[in-house]
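Hi,

Here is the structure I said I would pass on.

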Amino acid sequence: MKLKTLLSTIALSGLTLLSASANAFFGSKDEMRLGYLVKQPEEPWFQTEWAFAEKAAKDLGFDLVKMAVPDGEKTLNAIDTLAAQGAKGFVICTPDPKLGPAIMAKAKSYDLKVVTVDDQFLNAKGEPMTDVPLVMMAATAIGERQGQELYNEMQKRGWDVTTTGVMAITADELDTARRRVDGSISALKAAGFPAGQIYRVPTKTNDIPGALDAANSLLVQYPMVKQWLIVGMNDNTVLGGVRATEGQGFTAQNIIGIGINGVDAVNELAKSQATGFYGSLLPSPDVHGYKSIASLYHWVKEGVEPSKFVEVTDVVLITRDNFKVELEKKGL
């Protein structure tokens, strides 16, 4: 009888140890586990999102799993891993919006809740998947702010509007890019800038080389323009336009370029000598990181489904005068 009791005690002890080991790997049964997946973890923007997601985890009391998903295969594997670890859902900035249907199918197979951040999923027809909760920059509003700031700086410099042109570098096939540039142009028109002096030119790629080529093709068509305002969907497209105008003999005194994103403008703003790149609109990765994961937590914990679309409008104009201070405030 004593032997039987001893064996039972040993068996129960083994089970307790096994349970403890499982909890150590998969997380406590009482502790919620959520994932935060980003496409470019080496970028300061996503590092800041992660840092503020960690703050939310500490404030709300859940376990955060941070994972890099630079391509489709790693994205789907990450979802498998999260499910194996007992996660209840994840926030994701997808490496490719067209992965949306595959990501949602995989997530649903594990009953995982999903919130997207920064980039919206697209369905098989290339249309936005509006049924998946999304936290992202307010593209139109940020574009309008870009246009307003360009007009304000032009006014400060006392430029003659009759010899000023707007170089709008476009990528209309991308919804976010189109809305930003259209917003900027709308704000310039509303401020009184002549619509006939706003020149749109498409870029093949949203980087410096692509924008530089697009801008060069535009500049030769309008030799009468003496000053340029440069609009683009991000820092790099505006930088490409600035490089092109510099190559045509324009100087910092007759170019005003204002980008969007901030983090890609640091090297330019840090130059000892001013260039035509006046500044950039710095969004709020801190807000994106905290708000997206907090909304997921409340969805899992309390059944409060997030809004399908949360636009973040918090931006600050960074220039050579303030960029170091403002980047530090954001943890960048």
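This is a predicted model: local features need pLDDT of at least 70, side-chain atom pairs count only at pLDDT 80 or more; totals for chains, interfaces and linings use all residues.

Gln227 sits in strand E8, which covers residues 227–231. Its side chain makes a polar contact with the side chain of Thr164, at 2.8 Å. If you skip the neighbours within four places in sequence, Gln227 is in contact with Trp159, Asp160, Thr163, Thr164, Gly165, Phe250 and Asn254.

**The annotated domain**

The unreviewed UniProt entry puts "domain: Periplasmic binding protein/LacI sugar binding" at residues 33–324. In the model, that span is 43% helix and 21% strand, and its end C-alpha atoms are 35 Å apart.

**The six-stranded sheet**

What is the strand order in the open sheet of six strands? Reading across, the order is E2-E1-E3-E4-E5-E11, and the pairing is parallel. Strand E2 (63–68) and strand E11 (309–312) are the edges, each pairing on one side only. From one strand to the next, the twist averages 20 degrees.

For a closer look at one pair, take strand E4 (residues 113–117) and strand E5 (residues 134–137): they run parallel and are joined by two bridges. Here Thr116 stands opposite Leu134 of E5.

Helix H10 (residues 285–302) lies across E1, E2, E3, E4, E5 and E11, and runs at about 165 degrees to E4. Helix H2 (residues 44–60) has 17 residues and spans 24 Å from its first C-alpha to its last, close to the 24 Å expected. The buried residues of H2 are Trp45, Phe46, Thr48, Glu49, Trp50, Ala53, Ala56 and Ala57. An α-helix has 3.6 residues a turn, so residues three or four places apart point the same way. The buried residues of H2 pack against E1, E2, E4, E5 and also H10.

**Strand E10 and its partners**

Why is strand E10 described as largely enclosed by the rest of the structure? Strand E10 (residues 277–282) has six residues and five of them are buried, so the description follows from that. On the pairing side, strand E9 (residues 255–260) and E10 are parallel, with four bridges between them.

**Asn123, in a loop**

Back to the E4 and E5 pair: the loop between them holds Asn123. Is Asn123 buried or partly exposed? Its relative accessibility is 24%, so Asn123 counts as partly exposed. The side chain of Asn123 reaches the backbone nitrogen of Lys125 at 2.9 Å. Not counting residues up to four places away in sequence, Asn123 touches Pro101 and Met129. As for Ala294, Asn123 is 171 residues away from it in sequence, and the two C-alpha atoms are 26 Å apart in space.

Cheers

Technical notes. Residues are numbered from 1 along each chain as its sequence is written. Side-chain values use heavy atoms; hydrogens and water are left out. UniProt positions are given in the numbering used here, feature names are shortened, and annotations may be inferred rather than shown by experiment. Two strands pair if DSSP finds at least two bridges between them. Axes are lines fitted to C-alpha atoms, for helices over the stretch in contact, and angles run from 0 to 180 degrees between N-to-C directions. Contact means heavy atoms within 4.5 Å. Buried means under 20% relative accessible area, exposed over 50%, partly exposed in between (1.4 Å probe, protein chains only). The expected span of a helix is 1.5 Å times one less than its number of residues. A polar contact is a pair of N or O atoms within 3.5 Å; within protein, one must be able to donate a hydrogen and the other to accept it, and residues adjacent in sequence count only if both atoms are side-chain atoms.
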